[in-house]
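Welcome! Here is a short briefing on how two chains meet.

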Amino acid sequence: MKEEKDAKQQETIQELNPEQWKAGPKAFIALIVAVLFFSGLMVKFPDMKWLAAFDFTTLVGNFGVIKNVGKDTFVGSGGLGARGGFMFALSLVPSVMFAIGCIEVLDHYGAIRAAQRLLTPLLKPLLGLPGLTGLALITDLQSTDAGAALTKELYDNKLISKKELTVMGSWQYSGAGLINNYFMIGSAVFSYLTVPLLLPLILMFVFKFIGAIYVRIILNTVYKEDFKNEQ
Amino acid sequence: MSNNAQSKHQTNNPFDIFIIGARKGFNVAINNLVPNILMAYAVAQVLQIMGVMKFLGDLFGPAMVVFGLPGEAVTVILTAWLSSSAAVGLAANMAANGLLDAHAITVLMPCFFLLGAQLQYMGRLLGVADVPKKYWPLLMSASFLNAFCAMLLMNWVFAR
């Protein structure tokens, strides 16, 4: 017992010994970069303005300024760098909260289940997938990770073949987590859209199928040999 | 008091459900959106100062015409491949600076997600679902195809 303790102590002493610390050339380069980055030196070269891109204060940037009182929001205009980005991102929080709140309620009343119902008959003719894959695919519209987990489960339980797994993967891969991502992330630029809000969403949904059909065709032609042994 | 007891037993109350969703939204916004956009703004700053934006814009300008986009938009498309939120943040930044107009944002919208975060989703989706690695390039090509066709459609048909 005591020996063990001694060994541990010895180890700690070893670790604390400055001679044991390893700092390769990479570490020293990183240190030099850190010093230069925070020093403010990089903005002092008028001939080489691009060096300012490696200066902390430059990248921290500026908050926007409220120029037109009664018109500008708290984000102001002319915000730059981290400060500008932070204020802009903060201005998006309410719309994201509201959108996800609404989706949660609609989901509770079965909107997603209804979508699954509508989707299922399309799976066989378009993608050659059995109807039981519908849940995994619909889940992917909301959560990439949950969709991926469900898909794996289907394959592990031998409910789908390798080819079907690949087609499912392609459907999920392009535009994963579509609905949630669209409302959570896309909302940042919703105000610029010149088309109805739902149009890009529907277009992307349709393209998920087109991409998967393309993959299915390639699998059936170019990679035909790979799936010979599957029924 | 009675209100409290009710909310405990009745999860069917749409207001409570809304609150649950709004809370989720808050967490996502604070933990994902804010850091991502903050980074995108800083990266945009670097690209702008170094002149990368202008360089890529001149280089890809002719190709971007097909999509009705200015050449600078190529940085957004390339960023989308790495992260949807960074791309949206960058686009928002460029729109605020007048580099992208409303038409360009509308055309780019499907690209943010159809091409979005492919690098991340390789691990999170294809890796987790155990899709054979052999077909990953094929799936990626499908995503590119999707994004480009969707942008063409947006430019030619919908965002006229």
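**Where chain A meets chain B**

In this predicted model, a polar atom of the side chain of Asn146(B) lies 3.3 Å from the backbone nitrogen of Gly211(A).

**Around Asn146(B)**

- Asn146(B) sits in helix H8 (residues 136-158) of chain B.
- With a relative accessible area of 1%, Asn146(B) is buried.
- Leaving aside residues up to four places away in sequence, Asn146(B) touches Ser174(A), Phe207(A), Lys208(A), Ile210(A) and Gly211(A), along with Leu114(B).

**The interface as a whole**

- Between them, chain A and chain B bury about 6,200 Å², and 77% of this is on carbon and sulfur atoms.
- On the chain A side, Tyr173(A), Tyr192(A) and Phe207(A) lose the most area to chain B, together 13% of what that side buries.
- In terms of contacts, 72 residues of chain A meet 66 residues of chain B.

**Polar links and helices**

- There are two salt bridges between chain A and chain B.
- Lys152(A) forms a salt bridge with Asp130(B), where the closest N and O atoms are 3.0 Å apart.
- H4(A) gives the most to the side of chain A that touches chain B, with 18 residues.
- That side of chain A divides into 46 nonpolar, 19 polar and seven charged residues.

**Confidence**

- Chain A has an average pLDDT of 84, and 97% of its residues score at least 70.
- Among the elements of chain A, mean pLDDT is lowest in helix H1 (residues 2-16), at 75, and highest in helix H10 (residues 198-221), at 92.

Note on methods
Residues numbered from 1 in each chain as written. Chains lettered and ligands numbered in written order. Predicted model: local features only at pLDDT ≥ 70, side-chain atom pairs only at ≥ 80, totals over all residues. Heavy atoms only, no water. pLDDT = per-residue confidence, 0-100. Helix = DSSP H or I, 4+ residues; strand = E, 2+ residues; numbered from the N terminus. Buried < 20%, exposed > 50% of the residue type's maximum accessible area, 1.4 Å probe, protein only. Polar contact = N/O pair within 3.5 Å; in protein donor to acceptor, adjacent residues only side chain to side chain. Contact = heavy atoms within 4.5 Å. Buried area = accessible area lost by both parts, 1.4 Å probe. Salt bridge = Lys/Arg side-chain N within 4 Å of Asp/Glu carboxyl O. Nonpolar A, V, L, I, M, F, W, Y, C, P; charged D, E, K, R; others polar.
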